[in-house]
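Please read the notes below alongside the model.

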Amino acid sequence: MPLRDNDNGADERLTLTVGGVSHSDWTQFMVDASFITPADAWHLSVGLDEQRLPSGVVSGARATLSAGHDVIMTGLIDDIHHTVARGQHQLTFNGRDNAAALVDCSAPVFTAQHMTLAEVVDKIVRPLGIHRVTVHGHASAAPKKFNIEPGETAWDALQKVAEVNGLWPWIAPDGELIIGGPDYYAAPVDTLSLYRDGSGNILSLTLTTSCAGRFSEVTVLAQSHGTEEHEGVTSRRATASDDTFHLYRPFITVVSDADSDREADVRARKLLSDSRLKALTITLSVRGMRTRHGVLWAPGQRVVVKSDIHGIDGVFFVMSRTFRGGRGIPLTTTLTLKEDGVWIPDMPTAG
């Protein structure tokens, strides 16, 4: 029988589909998704009655994870562990989404000039089997001259060209590559609470604050290469400051490929926001895999969190989430939350 959420009746059975065959009765499972980790991963274990592996279940097979009618992740099976012992016959699968090839493999070596962002992205990812790409945001230009060095991974190259425009790459649940950013104007998907009297829908909450790796200001010293149309510039400088940080902790970095003062400024702001992102982390667990409106939890959502014990009452950004469950194991979601409006501040529109 499918597991169902007590509040909305949604089907919470986790189903793996490989070669048209589906399975959903797991002894245990864990499914991660994060904006920080390039390739989202899953881990599934199942006991077998048969004496051989199901046909088509092989390392490298295309696989889809879903909950009810909602797709959670699309990718490949990385590893299969087939264990047989006295009284035990078990399969364990490890897999990742379509970003796995970008993380594992080298990018094609090329030098691009005067190409659009979409053209450069396509040249990086198409040889690795990713053909569906959507680029969000107003900016669409790659650097005037963009180089990929031998040995550079496709993901590193993709991240580098995306960050020029203040964007970020990730894989959507259906396997599409998205180049975009968060939507800080989207309405919160739920309200999660934890109170001293024991009420609320949060199972556990950890609040972590830190000044490690934080900077009060970031300065980027940059230069740009000359082209046939333009002379090189060797004296670009941009500084971004964090007025919310009370300690004086400056950071200076040098880059060699900023085509404009705006690009240097974007890099300074990005480094500063990455620093500020480390200042606050909320890790909490809730029952089930869905919000009270029946939507699967996912990175990129905004959520209201209230805890009188921690002094928390505000909107936070879902940076990552992990589903856990299995036979006899409570079905839970762990959310990692960050300060709202900080990650990729130069991309306020939906991604």
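The points below take each site in turn.

1. Basis. This is a predicted model, in which local features need pLDDT of at least 70 and side-chain atom pairs count only at pLDDT 80 or more, while totals for chains, interfaces and linings use all residues. Residues are numbered from 1 along each chain as its sequence is written, and side-chain values use heavy atoms, with hydrogens and water left out.

2. Ser34. This residue sits in strand β3, residues 28–34 (strands are DSSP runs of E, at least two residues, numbered from the N terminus). Ser34 has a relative accessible area of 17% and is therefore buried (buried is under 20%, exposed over 50%, partly exposed in between, with a 1.4 Å probe and protein chains only). A polar atom of the Ser34 side chain lies 3.4 Å from the backbone nitrogen of Thr37. Beyond neighbours within four places in sequence, Ser34 is in contact with Asp40, Pro299, Met319 and Ser320 (contact means heavy atoms within 4.5 Å).

3. Ser285. Strand β18, residues 280–287, holds Ser285. Ser285 counts as buried because its relative accessible area is 14%. Residues up to four places away in sequence aside, Ser285 touches Ile202, Leu203, Ser204, Thr333 and Thr334.

4. Cysteines. Cys105 is partly exposed, as its relative accessible area is 30%. Cys211 has 40% relative accessibility, so Cys211 also counts as partly exposed. How many disulfides are there? The count is zero, where a disulfide is a pair of cysteine sulfur atoms within 2.5 Å.

Notes: Helix = DSSP H or I, 4+ residues; strand = E, 2+ residues; numbered from the N terminus. Polar contact = N/O pair within 3.5 Å; in protein donor to acceptor, adjacent residues only side chain to side chain.
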